[in-house]
Amino acid sequence: MGEVGLLAVFAAVIRRDLLLAMRRKSDVLTTLFFFVIVVSLFPLGIGPEMGLLRKIAPGVLWVAALLATMLSLPRLFAADHADGTLEQMALSAVPLGVLVAGKIVAHWLLSGLPLALLAPVLGLQFDLPADALGVLVLALLAGTPVLSLVGAVGAGLTLGVRGGGVLVSLLVLPLYVPVLIFGAGAVESHAVGLGAGAHLSLLAAFLALTAFFAPWATTVALRIALE
Amino acid sequence: MLEASNLECVRGEKSLFSGLSFKLGEGTCLMVQGANGSGKTSLLRMICGLSPPAQGEIRWNGAPIRELAEDYRGELLYCGHAGAVKEELTAVENARLSATLAGAAVDEQAACAALRRLGLKGREDLPARVLSAGQKRRVALSRLLLEKRRLWVLDEPLTALDRDAVAQLCGLIDAHLAEGGLAVLTSHQDLPLAGRSETLRLD
């Protein structure tokens, strides 16, 4: 028995959340099915107008990714809060920020990453060309971690509040707007031949900024929620 | 050495207790007693640093616990009403992961040995959801064996435990006190401790 390094604990938290998700698959699958169904409804509703579908595809995929992430946010801390694990995390000899960062990474691995990997398959329904699909996946890979990071702050702030699920949408969706604009914009600007570099760089900048601040802000929010 | 001076606890508009002071030296146990709603759990959460007191200060070895932060938490083991036992994980996974989250490395063998000592032999690999309330409580208490901490803060540790387990827990607390550890606990049942203990009544 001895002390463990911060990185080892960080990795252990990720493994733990993935293990819990594997034992309770329905939570993860609901989010993914929601994403698949919402995106698939648009081509069915609009009909086979290829030009229109190609034009709305990035926006539809991004809005669906936003909503799917929202759906999974209330669960981020709720179970750990209910069974007392969150208290134990707050009392750990390891800084709470490290544990929270691990939980956020696990959340992205279970929601953002599968969404990004599913997106090209769904994009085919919108007749997106292969190179546009590539840009879409890149934009989602850079943008969805921001959704998890910002969402964690919202989930922390609304933890234990009645009707927290609705509140977290009101709190977090406006903050998702920049990611939506530049994420969908990346595919559009690629389609008109301007290149997606600028948009992707901005998404990466958002990611760097939120990766720095969000775990810290979530930690503060959780400590307040636990008082 | 745990020291509290002039603590006040306010819940909503109501002051549960005020002007509460105590000193707890090495090898001593503090039994907090009082009626339901008298602020026992609130006091224990203050001692852990989970909720700040409305007034007053808690010091560990002379330094305020707010400033010690992780250094203090590394000395502390809190076992609350909620046992932090995950239904989906097995007993041994629960024991190991709780220790890791707390910052202590525990291998599978040590975790199994601790669970066996607490009477969970043969149930190490069962998911916690099929364990009884008392067995879940034993899984939660395995942390007492796995994390070497100086200060134990136990909130109603006897809930759902049978007579043998109560005796065993008393033995654990006594051994902890004999090694110079400190303990703060609440209980509505009598705890026949052999070590030095003081009583604090919240009324």
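A residue is taken as buried if 20 or more other C-beta atoms lie within 10 Å of its own. In the predicted model described here, this criterion identifies A:Arg75, A:Leu76, A:Phe77, A:Asp80 and A:His81 as the buried residues of helix α4 of chain A, which spans residues 75-82. The cover over these buried residues of α4(A) includes several helices of chain A, namely α2 (25-46), α3 (50-72), α5 (85-90), α6 (96-110), α8 (130-157) and α10 (197-226). Just beyond the end of α4(A), A:Gly84 adopts a positive phi of about 90°.

Two of the covering helices, α8(A) and α10(A), also pack against each other. Their axes come within 7 Å and cross at roughly 20°. Since angles under 35 degrees count as roughly parallel, α8(A) and α10(A) are therefore roughly parallel to each other. The crossing of α8(A) and α10(A) is left-handed. In terms of residue class, the contact of α8(A) with α10(A) comprises 21 nonpolar and five polar residues, with no charged residues.

The crossing in which α7(A) passes α8(A) is right-handed. On the α7(A) side, the contact is made by A:Gly112, A:Leu115, A:Ala116, A:Ala119, A:Pro120 and A:Gly123. The residues contributed by α8(A) are A:Leu133, A:Leu136, A:Val137, A:Leu140, A:Leu141, A:Thr144, A:Pro145, A:Leu147 and A:Ser148. By class, eleven nonpolar and four polar residues make up the contact of α7(A) with α8(A), and no charged residues take part.

The loop between α7 and α8 of chain A holds A:Asp127. Phi of A:Asp127 is near 60°, a positive value in a residue other than glycine. Most residues other than glycine have a negative phi. A:Asp127 counts as partly exposed because 16 C-beta neighbours lie inside 10 Å.

Chain B contains an open sheet of four strands in the order β2-β1-β4-β5, with antiparallel pairing. Its edge strands are β2 (14-24) and β5 (63-64) of chain B, each of which pairs on one side only. Strand β1(B), covering residues 2-11, runs antiparallel to β2(B) and is joined to β2(B) by seven bridges. Within this pairing, B:Val10 stands opposite B:Ser15 of β2(B), and B:Cys9 stands opposite B:Phe17 of β2(B). The two strands β1(B) and β2(B) form a hairpin with two residues between them. In the turn of the hairpin, B:Gly12 has a positive phi of about 65°.

Strand β1(B) also pairs with β4(B) in the antiparallel sense, over five bridges. Here B:Glu8 stands opposite B:Gln55 in β4(B). Helix α1 of chain B, residues 40-48, lies across β1, β2 and β4 (55-60) of chain B and runs at about 130° to β1(B).

B:Ala84 has a positive phi of about 60° although it is not a glycine. B:Ala84 counts as buried because 23 C-beta neighbours lie inside 10 Å.

The two chains meet in an interface in which 26 residues of chain B are in contact with 25 residues of chain A. On the side of chain B that touches chain A, the elements giving two or more residues are α3 (70-73), β6 (76-79), α4 (91-102) and β7 (104-105) of chain B. Helix α4(B) provides the largest share of this side, with five residues. By class, the side of chain B that touches chain A has 14 nonpolar, seven polar and five charged residues.

How values were computed:
Residues numbered from 1 in each chain as written. Chains lettered and ligands numbered in written order. Predicted model: local features only at pLDDT ≥ 70, side-chain atom pairs only at ≥ 80, totals over all residues. Pairing = 2+ DSSP bridges. Contact = placed C-beta atoms within 7 Å. Axes fitted to C-alpha atoms, helices over the stretch in contact; angles between N-to-C directions. Nonpolar A, V, L, I, M, F, W, Y, C, P; charged D, E, K, R; others polar. Buried ≥ 20, exposed ≤ 12 C-beta atoms within 10 Å, placed from the backbone. Parallel < 35°, antiparallel > 145°, perpendicular 65-115°, else oblique. Left-handed = near helix turned anticlockwise from the far one by under 90°.
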